[in-house]
Amino acid sequence: METNTVNYHRKINFRWLLNMAWRDSRKNHSRLFLFISAIVFGIAALVAIYSFKYNVQNDINGQAATLIGADLSISGNKLPTGSLKQLLDSLGDERSQERSFASMAYFPKSKDTRLVQVRALQGGFPYYGAIETTPVEAGTSFKKGKMALVDKTLMLQFNVHLGDSIKIGNSQFLITGILNRAPGQSGVVAGIAPVVYIPMQYLAQTGLLKIGSRVNYSFFYKYRKPVNMDRLTKKIDPTLDKAGMRYETVEGRKENTGRNFGDLSKFLSLVGFVALLLGCVGVASAVHIYVREKIASIAIMRCLGVKSAEAFLIYLIQIVGIGLIGSVIGAVLGTAIQHLLPLLFKDFLPFAISVQISWMAIGQGILLGVIISLLFAMLPLISIRNISPLNTLRMSFDTVNPSRDPLRWLVYLLITLFIICFTYLQLNSWLGSLFFTLGILAAFMILAAVAWLLMRVMKLLINDSWSYLWRQGFANLYRPNNQTLILMVSIGLSTMFICILFFIQSILIGQVSLSASGNQSNMILFDIQNSQKDSVANLARKQGLPILQQVPIVTLRIEQINSITAADLQKDSTIKISHGVFAYEYRVTFRDSLSESEKLTDGTWIGKAQPGKDVPVSVEENLAKRANLKIGDKIVFNVQGVQMPTHVSSIRKVNWGKVQTNFQVVFPTGVLEDAPQFQVLLTHVPSNKVSATFQRAVVRNFPNVSIIDLGLILSVLDELLSKISYVIRFMSAFSILTGVVVLIASLRISKYQRIQESVLLRTLGASRKQILVITALEYLFLGSLSALTGIAIAFGGSWLLAKYSFEVPYTVSYLPALILFFIISILTVIIGLLNSRGILNKPPLEILRTNA
Amino acid sequence: METILNITNLSKTYQSAGRTLTVLSDINFTIVTGSTNAIVGPSGSGKTTLLGLCAGLDRSSSGSVQLNNINLSNLTEDQRAQVRNQHVGFIFQNFQLLPTLTALENVMVPLELRNEKNIKAKALDLLDKVGLAERGHHYPSQLSGGEQQRVSLARAFSNAPKILFADEPTGNLDAETSEKVVKLIFDLNKEAGTTLVLVTHDLDLAAKTQRIIRIKGGKLIADEKTING
């Protein structure tokens with residue numbers, strides 16, 4: 001047999017494939033544009049975030065020294081003495097000190113008061129960068145006299161000007177500078193605790209440093225010659241750790257700032273990735289239809305001798321090309337959008353943000369766009385291999401059952417792996433990425449199942465008693481070449497993503513807008529000395545304010561847990577106790593009963609100590625976890641130098657969200673009454689006016705007492721949250737835009753499926769109105785059911801996220817969901833009808849000719 | 001005389017709704033190189049299925065198809081594609097031009113696949129032979145049915161096929177155009193010395209060939225020479 005007359009091993013000519021891919025795509029450019037647009041916004045979001053991330057990283061690297069202001073900083077909440085003091089005095093070539101604490105500031109001119117963070121400074125700090133002030137020289141000159149630098153928002157808030165004075169404790173300072181930015185401080189932090197700088201030599205005069213005052217002692221060092229910081233910090237670390245002090249170097253701050261921002265950028269990248277995934281669903285459905293329309297062309301090519309691999313590659317090249325173009329457009333858009341991001345983030349970062357084109361981000365975005373559009377397009381593309389040349393003779397010739405194609409399962413696997421891996425890169429948690437991927441997979445399957453069920457139910461339900469238009473409209477949902485599955489999945493997934501973003505945003509925002517309404521406490525007075533306890537309470541009563549809680553607070557440390565000390569923990573890494581447990585300074589209280597926000601989870605509550613026996617204490621469950629504590633375990637506390645043996649008698653769950661004093665450790669009565677202590681008083685002020693009058697009276701009579709006005713905190717939080725939600729909304733906009741594009745693309749491509757049928761109906765005499773009703777019914781049903789399913793999944797998904805990821809109560813407003821439902825349903829019908837417009841307005845023959 | 005196509009005990013069955021549907025049953029015939037042949041029969045008789053099997057577009061359920069001494073039954077789909085590219089030409093009832101390619105590009109495709117030289121000149125020459133040299137840059141949708149079929153004809157002859165299969169080549173054309181296209185098919189066939197197998201229900205067209213094979217209900221019922229034979 002002369003088989004050698006045929007060359008079976010013809011090599012694939014890639015140039016010809018490129019040429020054919022270009023030729024084949026020529027008349028489809030407008031349709032291919034729809035594929036492109038589906039991924040543009042996702043890529044734009046990611047490139048913008050990536051570019052911003054790289055710019056911030058560069059800024060952090062460039063400005064790290066100014067963030068910390070020194071080569072080394074050491075801080076703690078105890079005044080160092082003895083050998084520790086000697087060690088601290090021996091470090092660095094230049095030294096500065098700072099004491100910072102919360103205190104009430106009083107502006108004599110306006111008679112306003114406000115809780116501020118007082119920073120008493122001594123020495124040449126900051127050695128790098130500057131305390132940014134207006135006028136500039138005030139940043140250094142204020143240390144020469146009894147002068148203060150006051151946070152700019154605080155000055156604006158109370159209409160205070162340079163030359164006015166501020167009273168801190170018993171001392172009055174002349175305001176000589178507006179503080180624009182303290183070293184390493186972000187706008188958000190400044191909003192919560194506005195900073196006031198005073199020279200340290202006048203700190204004692206304020207009379208604010210008393211027992212129990214929460215003071216942070218910081219020491220700043222500059223080295224004139226380069227020093228091996230790693231070696232130095234390793235050497236001093238054990239001593240500092242023992243004393244509960246922390247150190248920070250330029251490198252450390254660089255890492256911390258980078259890590260903090262990294263978390264934020266990763267979350268936002270995930271939001272961008274959702275937009276991209278949504279776009280990919282659009283790409284997959286568009287390519288699916290595209291391939292279906294290309295069956296005839298592919299069959300002709302196969303007839304002429306094109307190999308199955310060649311046919312596959314021709315369309316693969318097209319998709320890579322489209323993915324590349326879409327990704328490049330997305331990258332350009334993203335690079336433009338990144339200019340807006342510094343405006344969104346300026347309050348969250350403690351340094352000036354620069355904007356530069358990041359080729360790395362652009363490269364990553366383009367690569368990601370091409371890979372992901374290719375992966376998702378691969379599902380419909382692989383079916384090209386099975387298109388038979390026999391389709392040239394009979395168009396209805398069926399190809400292989402796609403579900404039996406092993407390559408299809410390989411593509412599913414690759415997509416799943418890709419999503420897991422990409423999500424892992426953003427979340428750094430395999431479990432989180434697995435849940436994210438499973439969530440998407442589950443949503444996909446639910447939508448597919450609903451689509452399948454819908455087709456079955458419709459087939460059973462529709463009967464001759466229905467009017468022709470209803471019958472025809474609904475039958476379109478299950479007849480051959482129907483769009484039910486594709487549209488259901490793409491519209492449903494878009495709705496779901498958009499809805500989840502809305503829900504989570506509203507849950508998080510709702511969670512933080514803690515209401516200070518009713519009789520709940522909305523003002524906290526702390527640092528009240530024991531001797532001032534009754535006078536402060538009387539002052540409140542005189543102003544007509546209720547004493548909701550008056551709690552004694554004792555400061556102590558943990559010395560031993562079951563005979564294990566901090567030193568033992570240092571030596572033995574197998575001990576399951578967190579290091580911070582020994583370093584932390586606890587503020588505890590004593591009482592004979594549980595408070596409203598507490599619930600026992602283990603052990604027995606003992607309200608009164610028995611003389612001569614170990615003291616029974618109640619431990620909060622998170623501390624119990626960190627310290628590996630069980631009922632009966634022994635803890636030795638150090639109460640201001642006195643060793644106090646105790647045992648764990650109960651473990652409590654505490655609702656920290658409630659506005660009241662909550663404690664990690666609660667002692668019974670009869671133990672700590674004589675220990676050095678201060679008091680906290682909780683009251684409810686009915687209005688801002690009463691609040692201001694009361695605060696003025698407190699500051700005048702008890703300058704050491706600090707006041708937290710919850711109303712003020714809430715307004716600051718509200719401002720902060722609106723900034724955060726603006727950022728989230730900004731990123732979500734990409735998903736929403738993509739969802740709309742996918743919706744338009746899905747319906748637009750379905751036009752080509754419906755066109756032949758509608759033309760046939762028109763030819764047979766159907767009126768314009770009849771076609772319109774049939775189309776509207778089909779799309780209305782598809783749109784509303786997809787949206788409804790998507791929203792239902794979003795409810796479930798957001799509930800899971802609220803419960804397990806954010807751990808907040810699930811509260812959701814139904815109005816946005818309802819609005820979204822109507823928008824999606826109506827949009828589906830409108831786009832569906834717009835697609836049919838061409839069929840309705842032109843003679844059938846003209847359409848048949850142009851689509852032939 | 002040399003045989004180009006040898007059909008032995010050829011059968012084709014399909015599974016439909018759990019039942020076996022026999023479309024072709026035990027067909028046997030041979031086609032001599034350079035001859036012109038027509039397969040005729042009523043609608044649903046299996047003539048298009050037979051053409052598909054003869055041309056290697058489909059695989060038989062049993063029996064064999066030997067085209068130019070190559071047993072198509074033993075080949076994979078991709079190998080059959082190579083056989084089609086190197087030995088077979090096609091003309092279809094609905095022309096089957098690639099809609100996104102111009103007339104010239106459509107004619108060039110088989111030549112490009114064979115990696116030939118002077119492709120454009122050859123394709124233009126073929127278009128000239130079918131009278132469409134001036135329409136090479138037009139897309140199929142810009143051409144009339146007759147013109148599309150002539151482009152299809154030029155494409156069919158572009159790879160100098162040993163055998164040309166035509167499925168109802170005039171089925172979509174009016175009488176006048178049909179006559180021109182038929183003349184062109186026979187003229188080009190004669191000039192190139194190609195074997196022609198055409199499937200038709202048009203007995204006048206069939207009578208222009210040298211031999212008529214009649215099938216009915218999937219069976220070969222007659223095989224006769226015409227006055228041209």
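**Close-up views of a predicted two-chain model**

**View 1. Helix 13 and helix 14 of chain A.** In this predicted model, the axes of helix 13 (residues 359–381) of chain A and helix 14 (residues 406–427) of chain A come within 9 Å and cross at roughly 150 degrees. Helix 13 of chain A is therefore roughly antiparallel to helix 14 of chain A, since an angle over 145 degrees counts as roughly antiparallel. The crossing of helix 13 of chain A with helix 14 of chain A is left-handed. From helix 13 of chain A, the contact takes A:Ile372, A:Leu375, A:Phe376, A:Met378 and A:Leu379, and from helix 14 of chain A it takes A:Arg408, A:Val411, A:Leu414, A:Ile415 and A:Phe418. Sorted by class, the contact between helix 13 and helix 14 of chain A holds 9 nonpolar residues, no polar residues and 1 charged residue.

**View 2. The largest nonpolar core and A:Leu525.** The largest nonpolar core has 279 residues. Among these residues, A:Ala148, A:Val150, A:Val196 and A:Leu525 touch the most other members. Helix 2 (residues 29–68) of chain A gives the largest share of this core, with 21 residues. Residues up to four places away in sequence aside, A:Leu525 touches A:Val536, A:Val680, A:Leu681, A:Val698, A:Val705 and A:Ile707.

View 3. A:Ala540 is a residue of helix 18 (residues 533–542) of chain A. With 23 other C-beta atoms within 10 Å, A:Ala540 is buried, because the cut-off for a buried residue is 20 or more. Apart from neighbours within four places in sequence, A:Ala540 has contacts with A:Leu545, A:Ile547, A:Leu681 and A:Thr683. A:Leu681 is also among the residues that A:Leu525 touches. The C-alpha atom of A:Ala540 is 9.4 Å from that of A:Ala697, and the two residues are 157 residues apart along the chain.

**View 4. Chain A as a whole, for orientation.** Chain A contains 26 helices and 21 strands. Of its 852 residues, 41% are buried. Among the contacts in chain A with a separation of 6 or more, 84% join residues 24 or more positions apart.

**View 5. Chain B as a whole, for orientation.** Chain B contains 7 helices and 10 strands. It has 229 residues, of which 53% are buried. Residues 24 or more positions apart make 68% of the contacts in chain B with a separation of 6 or more.

**View 6. Helix 3 and helix 4 of chain B.** Helix 3 of chain B packs on helix 4 (residues 119–129) of chain B at an angle of about 125 degrees, and their axes are 9 Å apart. The two helices, helix 3 of chain B and helix 4 of chain B, are therefore oblique to each other. Helix 3 of chain B passes helix 4 of chain B in a right-handed crossing. On the side of helix 3 of chain B, the contact is made by B:Ala103, B:Leu104, B:Val107, B:Met108, B:Leu111 and B:Glu112. Helix 4 of chain B contributes B:Ile119, B:Lys120, B:Lys122, B:Ala123, B:Leu124, B:Leu126 and B:Leu127 to this contact. The residues in the contact of helix 3 with helix 4 of chain B are 10 nonpolar, no polar and 3 charged.

**View 7. Helix 4 and helix 5 of chain B.** The axes of helix 4 of chain B and helix 5 (residues 145–158) of chain B are 9 Å apart, and the helices pack at an angle of about 135 degrees. Helix 4 of chain B is therefore oblique to helix 5 of chain B. Their crossing is right-handed. B:Lys122, B:Ala123, B:Leu126, B:Leu127 and B:Lys129 of helix 4 of chain B meet B:Ala154, B:Phe157 and B:Ser158 of helix 5 of chain B. This contact between helix 4 and helix 5 of chain B comprises 5 nonpolar, 1 polar and 2 charged residues. B:Lys122, B:Ala123, B:Leu126 and B:Leu127 also take part in the contact of helix 4 of chain B with helix 3 of chain B.

**View 8. The contact between chain A and chain B.** Chain B supplies 32 residues to the contact, and chain A supplies 28 residues. On the side of chain B that touches chain A, at least two residues each come from helix 1 (47–54), strand 5 (70–71), helix 2 (77–87) and helix 3 (103–113) of chain B. Helix 2 of chain B gives the largest share of that side, 9 residues. By class, the side of chain B that touches chain A consists of 12 nonpolar, 13 polar and 7 charged residues.

Technical notes:
Residues are numbered from 1 along each chain as its sequence is written. Chains are lettered from A and ligands numbered from 1 in the order in which they are written. This is a predicted model: local features need pLDDT of at least 70, side-chain atom pairs count only at pLDDT 80 or more; totals for chains, interfaces and linings use all residues. Two residues are in contact if their C-beta atoms, placed from the backbone, lie within 7 Å. Helices (H or I, at least four residues) and strands (E, at least two) are DSSP runs, numbered from the N terminus. Ala, Val, Leu, Ile, Met, Phe, Trp, Tyr, Cys and Pro count as nonpolar, Asp, Glu, Lys and Arg as charged, and the others, Gly among them, as polar. Axes are lines fitted to C-alpha atoms, for helices over the stretch in contact, and angles run from 0 to 180 degrees between N-to-C directions. Angles under 35 degrees count as roughly parallel, over 145 as roughly antiparallel, 65 to 115 as roughly perpendicular and the rest as oblique. A crossing is left-handed if the near helix is turned anticlockwise from the far one by less than a right angle, and right-handed if clockwise. A nonpolar core is a set of buried Ala, Val, Leu, Ile, Met, Phe, Trp, Tyr and Cys residues joined through C-beta atoms within 7 Å. A residue is buried if 20 or more other C-beta atoms lie within 10 Å of its own, exposed if 12 or fewer, and partly exposed in between; C-beta atoms are placed from the backbone.
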